[in-house]
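Please look over the sequence and the model before reading on. The paragraphs below go through a few places in turn.

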Amino acid sequence: MADADKPGSPTNLPWYDLFSRGARDWLRHNDKVRESVRDQLPRLISDARIVDTRGGQRLRVPVRLLEHYRFTLNREAESHGVGQGEVEPGDVLRQARRPGGGDEAGAGGNAEGGIEFVVELTVDDVVDWLWEELELPNLEDKHGGMEEDDLVREGWDRRGARSRLDRRRSLKESIKRRAVVRDGPLMSNEDLRFRQLVERRRPAQKAVVFFIMDVSASMTQRDRQLAKTFFFWVVQGLRRQYRELECEFVAHTERAWRFAEREFFEVAGSGGTIASTAYTLVDELIRERYPPAAYNIYTFYASDGHNFPPDREAARDAIGQVCAVANFSGFLEVATAGAPLEASEMLRLFNELGQVHQRSGSSRLRRDADVWDAIKAFFARSAQAA
Amino acid sequence: MTPDLKDTIARLEELAVGSGLVYDPVDFEEVPDSFMMEIAVYGLPVRMPHWSFGVRYIYQLVQHRMGNSRLFEVVFPGNPNRAYLADRNTYDENTLVSAHVLGHADFSRNNLLFRKSREQVGGRIVEQAAAHARRIEEAIERHGLARVEAVLDAALALEQHIDVTRDVSRPPYPTSTPPRESSGADPFLARYRELAGEAADSTADTPTRPTLPPVPERDLLWLIAHYAPDLEGWERDIFLAVREESFYFHPVFACQIMNEGWACYWHARLLREAGFLPQHVYLDAIKAHSDVVRPYAGAQEVTLAINPYHVGFHMWERLVDRHGLAAAREIMAQDDDFAFVRNHLDESLAEDLSLFDFHARASGEIRVGDCDIDSIREQILAPKFNFGAPTVHAVHIATDGTLELVHDHVRDGRGLALDRACRVLEYIVRMWRRPVQLETIDATGRPHVIALDASGHPR
């Protein structure tokens, strides 16, 4: 900016070549768009396609340009103007649209042709926003001293505070770039690398989360998809927030299996529904590997609420067993086909349990948009049992 | 700049002075396209950063890519005038463009609105705007982007809400009202009070505390800068910087048709009279002229907008033709677009230029009006009223600090777009830091008040 005072100064580089103000303000606009996209999170995360594209994991969100508001007059039903051309008074220059022929807003239609563009977000961005307000409920201190939140260095970013500029790394980038493109400048903005700091909550101690899903025939493809979307965001979020977190994945029909994470998200089954099998398996795993004295234990069970009626007693016992040692037990009723009027079998069971063990809760998923509410119901800070 | 072009400009200037043009020196500079585009976006070579310019920049970039717009020159009036020519102009085009610039320089030196603006803002707007930009950069360093942006959101949103009839550096309102004239002083008033049924003027005896503002205030930038209860010094600076630039932009806006027309008139005339130009240069230059000075649509087509270059050019041609150059110069010095169009765009000219008025209905139908000259004139001028903005006055600052704004819907003929108005109030509240309310009418014509509390929530 120093040379801005003397336009046309006879230095070797003209002052206006030093920077592009337009591009800079455009980037700032995009940052603001990014911020505004956060408001759309509930809609974003209900997009099931994200779950299927693990790996690259970028979301593309269409957005409109932001408007800088000014006082303007109301749009008139009829607007006026002046044009140029050979016409006669009363000529019709454009016919009225036929009723029902498109719902373009207002007069002129193309008067304010908006530019739409696409913002790319990484799943990690979204997860960070999502989990800013969320945490594991009832997390307990199992081994003495609390450890505090800490900032850890994690990777590099192309932007950041100047104090975190990693010179060695930036210079390396510059060398790499110039190895490819010969005549580039010594340093360019693209080369800069900044050390990133990330806030991590250190779990006071270890925790294990069981994700349990009913994959029996009565769960439709749609039901399973919705449950998986829920699990996906929970797993991503917990992983990013808590170190040393164990996740266990269990699916059941009339029997139960333990899955690796990847397979769990692809599993599809058929057959009847015997919920007790899943909880029995979880109970076994707890006994063998996750002693409640050392682990905070969480279970989240997603099903359509049906259970094989003769299994009722067994299910109550098995679930009760797990609930007794768990910090929190969640039940997620997935009912996309329309919820039954009366509470489902499993919901009733969980409500009963809720009376005995305070640390349980349930939520219903009917539509995509419910995913966000369900996550909030289980993990919002205020939702913690006192 | 090539010696050829330098030489041509020198000879054009000689010719211009000989033809009676009076102007301050002009600095010509050739600059790249990218720079021309930024000037088009910001209005000034170096101007304060704000994200809204980024949006305009992208529109401009898209248009440019699609080949819809091409900028030949921009000139910033001042002493010296600063003229920027696009460096991809050909020599022939630059010949035309330089002559055009001389027309602008003559206009801005002599036109009353421009002269007043220059008295107010000074003759070095390019440098001043750059200094504003630098101060704002410093403010960003010191106070953070978010806070500075909040100030600019509000100030730039109110950019057009200034009062050019007052000075840039106008003094604050008087703190005490002058004593009222004693009752007996005016024999007429004394007799009036004796009339049956006239109650005694009770306000005469109560001590008068001046209400703020004493009269409705249209210079919202000024009012907020000086009367916002908790505005910080650096925030006031930004408001006043935006306001100063608005004073500079006003005559450019208010005289666009005249100014562009005048420049076109002179580039055409100077080229015609420039005997020193080789024939092929003249021909190419005059071709560039006819590309610029024509209706937006081609000859056979119809366009729903007028080209101010085309309309202005023909108006000046006719004026000089009929009344002579001296009379035309007089008009140039004294008018703005309102006077110019109302006085000098007559029926026969409107017909020659194929101007027509039209009505666009919500149904999508567009119908040509009755081409009445008054209607054509007023439709040309309608977007230019009040610096192109709705008329909003600050009428009162209440004792609790509430700022009361009123939209003059009678004058504007309809109410404000309510959702936008509400967003603008949100910008204002962040600077005013007390409740703000605005009266207007809604789409059905019923009175509507938007009221926000000090934290920007509806009251």
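A residue is called buried if 20 or more other C-beta atoms lie within 10 Å of its own. B:E235 has 23 other C-beta atoms within 10 Å, so B:E235 counts as buried. This residue lies in helix α10 of chain B, which covers residues 233-254. Leaving aside residues up to four places away in sequence, B:E235 touches B:V151 and B:M431.

Next comes the place where the two chains meet. Chain A puts 52 residues into the contact, and chain B puts in 72 residues. On the side of chain A that touches chain B, at least two residues each come from α1 (21-37), β2 (78-84) and β3 (92-94). Of the elements of chain A, α1(A) gives the most to this side, with eight residues. By type, the residues on the side of chain A that touches chain B are 19 nonpolar, 18 polar and 15 charged.

Within chain A, a pair of helices can be followed. Two packed helices are described by the angle between their axes and the distance between the axes. Helix α8 of chain A (residues 275-289) and helix α9 of chain A (residues 312-325) pack at an angle of about 30°, and their axes are 8 Å apart. The crossing of these helices, α8(A) and α9(A), is left-handed. Residues making the contact include A:A275, A:Y279 and A:I286 of α8(A), and A:A314, A:A318 and A:V325 of α9(A). Sorted by type, the residues of this contact are 10 nonpolar, three polar and one charged.

Last comes the confidence of the prediction. The average pLDDT of chain A is 77, and 79% of the residues score at least 70. Residues 1-11 of chain A have a pLDDT below 50, and this stretch has 18 contacts in the model beyond near neighbours in sequence. Residues 100-113 of chain A also have a pLDDT below 50, with 12 contacts beyond near neighbours in sequence. Where pLDDT is low, the predicted coordinates should not be read in detail.

Note on methods:
Residues are numbered from 1 along each chain as its sequence is written. Chains are lettered from A and ligands numbered from 1 in the order in which they are written. This is a predicted model: local features need pLDDT of at least 70, side-chain atom pairs count only at pLDDT 80 or more; totals for chains, interfaces and linings use all residues. Axes are lines fitted to C-alpha atoms, for helices over the stretch in contact, and angles run from 0 to 180 degrees between N-to-C directions. Helices (H or I, at least four residues) and strands (E, at least two) are DSSP runs, numbered from the N terminus. A crossing is left-handed if the near helix is turned anticlockwise from the far one by less than a right angle, and right-handed if clockwise. Two residues are in contact if their C-beta atoms, placed from the backbone, lie within 7 Å. Ala, Val, Leu, Ile, Met, Phe, Trp, Tyr, Cys and Pro count as nonpolar, Asp, Glu, Lys and Arg as charged, and the others, Gly among them, as polar. pLDDT is the predictor's confidence in each residue, from 0 to 100. A residue is buried if 20 or more other C-beta atoms lie within 10 Å of its own, exposed if 12 or fewer, and partly exposed in between; C-beta atoms are placed from the backbone.
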